[in-house]
Structure formats: C-alpha cells, structure tokens
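Colleague: I would like a close look at a single part of this model. Please take me through it in one connected account.

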Amino acid sequence: MEHPENDSKYKGLQVNSGVKSQPTVNPYLRPRRAPRQMTPAEYVEGIRKCDVSVLGRAVTLVESTNDAHQAIAQEVIEKCLPFTGNSRRIGITGVPGAGKSTSIDAFGLHVLGKGSKLAVLAIDPSSERTKGSILGDKTRMERLSQQKNAFIRPSPSAGSLGGVARKTRETIVLCEAAGYDTIFVETVGVGQSETAVQSMVDFFLLIQLAGTGDELQGIKRGIMEMADGIVINKADGDNIPKAELAAAQFRNALHLFPPTPSKWVPEVLCYSGYYELGIDKVWDMIDRYFDFVKASGYFERKRNEQARYWMLETINEQLKSSFYHQPQVKELLEQKELRVLNNEQSSFTAAKDVLDFYFDTLRK
C-alpha cells in the first residue's frame, strides 16, 4: 500500500516502501538426506574395523525402542558375539561430586599409555518429569575425549535400575567386538540398586570422599559389600590427613563384612584424580585383582553367572512389555483403576483379576 505521506501536497517528504519480508527459512538451505540404513553385515564389518561412526550408529540402534531397529540391533549383536569376551569390564561408582568423571579422565590416560584401547560408557541420569538427559559427561573428560583410541558414549539412564541404561550390556558387546580391551561403566551414583552395575562388570570400584561427614555412610547403603576396591579421592594438599583417616575407617569397616564370593579382600587406597597422584597404585590394585580371580577360576564363573542373569532379565522385560502393550489388558486396567480409586475393590484383587485375564488370554 502506498504511503499517504508521499502525496504531492506534502512537499519535501518521502517515505520509502522498505524491505520486503524475508522468508524464515534460508532459501539456499538444502534438505538433509537421512543416512542410508545399513545392513547387519555392514554394521559388523564397520565395528570390526573399529569405525567409530559405525559403532556409534550401532549403539543408537541398540538404544532405540523402534521394533525394526531392535531387530537389526539384535542380529548385529549375535554376529559380534564370537569376537567378544576379551576385555576388562570395570564399573565405577560413587557419591555425586566424588570426581568420577575426572577420575575416569585420569585413569583412561593411564590405560591408553599402556597401549590399550578404552571405551567409556557414561550413564547420565534422566529426568523423571521430562525423561530427558543432559549427556554432558563427555565434557568433563576433556583430555580423554581427544584421544584416538578412546570411545566415550554417554547414555540416558531412562529410569532403569541403579542408573544403568537398559542396553549397556549390549553396548559392551559391540565395544568388545570393535577391539576395545578396557571398558569403564560410569554410573549415576551410589544407591541400593547398584547390583545392576555389578552384574555386567568384572571389577567394581567405589570412589569416596573424606571430610564430608560420616565416612561410613556407604555401609548403610550396602554398596561396600559389592565393591572390589575402594578409593578415597581428592587426597591432596591439606586433605591428605583426612583421606588417610577415612581410608583407615573403611579398612576397619571391611573386617565386619563376610568374605567376598571371589575370596578377594577389597583394598582401600587414597589418590587424587585432579592432580593425578596415586593413579598407578590404583591400577596396580586392579591388575592384582584380575590376576587373582583368573587364577582361582572365579573370573569365568562370574561371567557365566552374568550371562544367565541377563537372559532372565530380558525374559522379565519382554513379559512386562507384552503385558502392558496388549489392548485388552490396557482397557481392563483402566476399569480396575477406577474401581480401586472409588474404593470398590482392593488393589490386590484388582491386580489378580487383570493377571488372570492376561494368562487366560495366553492359553487361548
């Protein structure tokens, strides 16, 4: 529309029409094509060549809830199994702020210095409200993330037990097939559900701090019973006496526990992840542990028990998924929920009715 100010009766006044509205999308932007879906054989070939991009895509498939993706992922895992089992699987846990990521950065550089290849599976906590995760652990492993022989993969916990991602065990298989001989599994933090971590690693390392109050708080959570090694972090400067005192208290506390299934006596050491003090001593302890359990035969026995455990866990998961995804069960659940909320039926009898209906449906 022409501006009225440009009328001839307004002398010496002129208003320009201005610039036309620009499109919100860059007209020169080319649509990005979705990457071609690889075949299971191509995935396995890329993984065996330690192609990090292919390995990352395979892990994404494993973590996907899409049925088509899961079918491909399981086929890839099956084909990778013959090339697995040759790594050291080390679980690392500790209270929030204990310095797990900083310690992994220091431990990782020590491992790479010995000529090993390292995969770090960092489990990031998911929000209970939004179900989202920051996945920022990699930023705290600045030096390690720049190393060629290190693969760092943050994964969301997705509300799973003990902060361990549901597909972490399958990811371990893929990393082993890619040739990574040392695997760290970093958990969200200490809790009563850390059994899930222990069920997929060979060595369980507990990181503690000194001078934070009750040094024996870990005993109440049962976490010390599962630890194969306890390390007191931030043992530097003025904090060294406190760290040594905490270590002595943990050593005394360990005498109250029954012998471990492996007959290994957990050691307690002090170190500083930030200043990289005592890292070699911690790793020497881990070396002694592996020599001990392999000589006694416990190493293979534990691996077999873990395989059995995860087979049963997978069955439980599939049964749960089948139950909640059946349309008739969903409808009946809604009806029973209303009856329970209206105090017309108890929670236990309502659950029994739904389960009876489900099992009757299976029999038909």
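Which helix and which strand each supply at least two residues of the lining of the second largest pocket?

Modeller: They are α8 (240–254) and β7 (267–270), each of which supplies at least two residues of that lining. The model is predicted, and local features need pLDDT of at least 70, side-chain atom pairs count only at pLDDT 80 or more, and totals for chains, interfaces and linings use all residues. Residues are numbered from 1 along each chain as its sequence is written, and side-chain values use heavy atoms, with hydrogens and water left out.

Helices (H or I, at least four residues) and strands (E, at least two) are DSSP runs, numbered from the N terminus; the protein has twelve helices and seven strands. A pocket is an open set of points on a 1 Å grid over the protein atoms alone, where a 1.4 Å probe fits, with protein on both sides within 12 Å along at least five of seven lines; lining residues have an atom within 4 Å of a point.

The second largest pocket has a volume of about 330 Å³, a volume being the space filled by probe spheres set on the points, which are joined across faces, edges and corners. It is lined by 17 residues, and the closest to its centre are L254, F257, P258, T260 and P266. By class, the lining holds eleven nonpolar, two polar and four charged residues. Here Ala, Val, Leu, Ile, Met, Phe, Trp, Tyr, Cys and Pro count as nonpolar, Asp, Glu, Lys and Arg as charged, and the others, Gly among them, as polar.

As for α8 itself, its 15 residues reach 21 Å from the first C-alpha to the last, close to the 21 Å expected at 1.5 Å a residue; the expected span is 1.5 Å times one less than the number of residues. Buried in this helix are A243, A246, A247, F250, A253 and L254, where buried means under 20% relative accessible area, exposed over 50%, and partly exposed in between (1.4 Å probe, protein chains only). Seen down the axis of α8, these buried residues fall within an arc of 120 degrees, so they line one face of the helix; the arc is that of the directions from the helix axis to the C-beta atoms. On the other side of α8, P241, L245 and N252 are exposed.

For the protein as a whole, 43% of the 364 residues count as buried.
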